[in-house]
Amino acid sequence: MPENTAHPESPHIEFRDVVKRFGDNTVLNDLNFTVSKGERVTLIGPSGSGKTTILRLVMTLEELTGGYIHVGGEPLQYDEKGGKRLRVDDKQRRRTTTQIGMVFQHFNLFPNMSVLENIIEAPVHVMGLSKAEAVTKAEGLLEKVGMGEKRDFNPSQLSGGQQQRVAIARALAMDPEILLLDEVTSALDPELVGEVLGVLKDIAAETDISMLIVTHEMQFAKEVSDRVMMFDQGSIVEEGKPDLIFSEPENQRTRDFLRAVL
Amino acid sequence: MDGVIGFFEQLGPNLQILGERMPLIVEGIWVTAQATALGGLLALAISIVFGVAQVAKYSVVRIIARIFVEFFRGTSLVVQLFWLAFVLPQLPYPFGWQLAPLAIGVLALGLNYGAYGAEVVRGSIGSVPKGQYEAISALSLSPVRGMFRIIIPQAWALMIPSLSNLWIQLLKGSAIVSTVLLYDLYFRIEQVRDQTGTWFAFLFALLAYYLIAWVIVILMNALEVRAKHKIGRGPALSKSWGTLFRSPGSVITEGSLFRAPISGGGKA
């Protein structure tokens, strides 16, 4: 496991006074939370509560409106210097996001590349692995997600569940220290959800990658999370260990939400 | 001897004249083919360079590309042709160049149709799903690498039908290069017209251009089938020779009202 060399004592992910607006619509309002190294945090809440936006901010797919996010102690999008809020340049941003992997709801595999090419593209061209090293690594990961037989297939020849397992292998090929899972089973047919969650549970058990998870699979959330955060209208209404949140939620909104989804 | 009746009365002798003139006509076809092929290649290169430049990160690049496209798209092909043929040589040293007629034709066709093509390329790049850009970003691939390895190969399949249309238009537009002393197909047919009459000569011209256009259609259809197969949409080229003889971009649109999807393309 690659060590987080920058500031080992600081939280792995830190949201400080984070504000995100889309036009006049405030999605996240003054949000503060941290994720420790190796921690698995699941975000639950009604749609439109800003869960996915949090993941997209960490991946720098969305621009922060206000506040700061630190990853491994390093400023991700904006830095505070001498009381001023300065934009972190794209190169520096990419350096930080190299340690972050993301799996998307709609897989987003590259259709012009085979399964294997999808996985080795970034290790070869971002991490600088030789092609042979990257292929060996990719084959190992494909084995792990149960897709070893399909390395030369085109993504369009695979089922949704298979595509998502390849996407997971692709994210892991970059040795991420943080993995963002954005509703990774929501686009799948019900019978394919299990194979993807199974793979993720194995990864959660075998590695100490920090994870931020947005999911509607409450059983999965219960099994893999160290902490569950309930969101509504852009703020945390309740957080705690999954056993507590799922069995004895304190907040009325959490209770209503869980009653609706369980 | 003109008119419909004249056309039929003179058909035999006219065909004979056409036969006698055939070596010159073939030369003309060759010139037209060269202008179309080279002009098309130049237009393709310009399309890609200026299409990509219009989505570049730096606004200076975007603005320059935009001005280029607007200029060559907005000014007449005939004027561009005459400018290259008659104004350019008069410019003071070292800008004054007397280009060969073929070079003038290729340059004018390439610049003019390249400006249209750049818009096609820009549009196709914009049509690649947003998730692809996000995956590039999530894997920390550089935007330039992502553009050339992932976005453009997908956009290529989308842009071929429109580029195919543009290329056919370029072929037909190439008829005006005869105005700058390039002895192309149209010029040779004009010569024949003196002896055979308008009806016969222009009917032959229509047919000749149509046949050349058909070659372009088949070639571009093959490219399209191949490009679509490469991004997992549709069968391999080796399995779909029959689809080459169709109008540009008319197949493999699933859910189309008028044409069933080709078997083997996409899953249910």
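**Reading a predicted two-chain model**

Biologist: Which residues is Leu111(B) in contact with, leaving aside its neighbours within four places in sequence?

Modeller: They are Ile46(B), Phe72(B) and Gln80(B). In the case of Phe72(B), 39 residues separate it from Leu111(B) in sequence, while their C-alpha atoms are 6.5 Å apart in space. Across chain B, 74% of the contacts between residues at least 6 apart in sequence join residues at least 24 apart.

Biologist: How many helices and strands make up the secondary structure of chain B?

Modeller: Chain B has nine helices and zero strands, so that its elements run α-α-α-α-α-α-α-α-α from the N terminus on. Its C-alpha atoms fill a box of roughly 70 × 60 × 25 Å along the principal axes. Of the 268 residues in chain B, 35% are buried.

Biologist: I should like to consider confidence next. What is the average pLDDT of chain B?

Modeller: The average is 86, and 91% of the residues of chain B score at least 70. Residues 252-268 of chain B, however, have a pLDDT below 50, although this stretch makes 21 contacts in the model beyond near neighbours in sequence. Where pLDDT is low, the predicted coordinates should not be read in detail. For the complex, the predictor gives an ipTM of 0.90 and a pTM of 0.84.

Biologist: How many residues of chain B are in contact with chain A?

Modeller: There are 17 such residues in chain B, and they touch 22 residues of chain A. Helix H6 (130-138) and helix H7 (143-173) of chain B each supply at least two residues to this side of chain B. H6(B) gives the most, with six residues. The residues on this side of chain B comprise seven nonpolar, six polar and four charged.

Biologist: Let us turn to sheets. In what order do the strands of the open sheet in chain A stand?

Modeller: The four strands follow the order S2-S1-S4-S5, with antiparallel pairing. Strand S2 (25-35) and strand S5 (74-75) of chain A stand at the edges with a single partner strand each, so one side of each has no neighbour in the sheet. Strand S1 (residues 13-22) of chain A pairs with S2(A) over seven bridges in the antiparallel sense. Within this pairing, Glu14(A) has Thr34(A) in S2(A) as its bridge partner.

Biologist: Which strands of chain A pair with S9(A) in the parallel sense?

Modeller: Strand S8 (residues 100-103) of chain A pairs with S9(A) over four bridges, and Ile100(A) stands opposite Ile178(A) in S9(A). Five bridges join S9(A) to strand S10 (residues 210-214) of chain A, and these two also run parallel. Here Leu181(A) has Ile213(A) in S10(A) as its bridge partner. S9(A), helix H6 (residues 190-206) of chain A and S10(A) form a right-handed β-α-β unit.

Biologist: How many of the residues of strand S9 (residues 178-182) of chain A are buried?

Modeller: Five of its five residues are buried. Ile178(A), Leu180(A) and Asp182(A) point one way from S9(A), whereas Leu179(A) and Leu181(A) point the other way.

Biologist: How are nonpolar cores to be read, and which residues have the most contacts inside the largest one?

Modeller: In soluble globular proteins, nonpolar side chains tend to be buried together. The largest nonpolar core here has 123 residues, and Val58(A), Ala169(A) and Leu180(A) have the most contacts inside it. H7(B) gives the most to this core, with 14 residues. Among the contacts of Val58(A), leaving aside neighbours within four places in sequence, are Ile13(A), Ile100(A) and Leu180(A). A second, separate core of seven residues includes Leu185(B), Val192(B), Trp199(B) and Ala201(B).

Conventions. Residues numbered from 1 in each chain as written. Chains lettered and ligands numbered in written order. Predicted model: local features only at pLDDT ≥ 70, side-chain atom pairs only at ≥ 80, totals over all residues. Pairing = 2+ DSSP bridges. Contact = placed C-beta atoms within 7 Å. Nonpolar A, V, L, I, M, F, W, Y, C, P; charged D, E, K, R; others polar. Core = buried A, V, L, I, M, F, W, Y, C linked by C-beta atoms within 7 Å. Buried ≥ 20, exposed ≤ 12 C-beta atoms within 10 Å, placed from the backbone. Right-handed = clockwise from strand over helix to strand, strands pointing away. pLDDT = per-residue confidence, 0-100.
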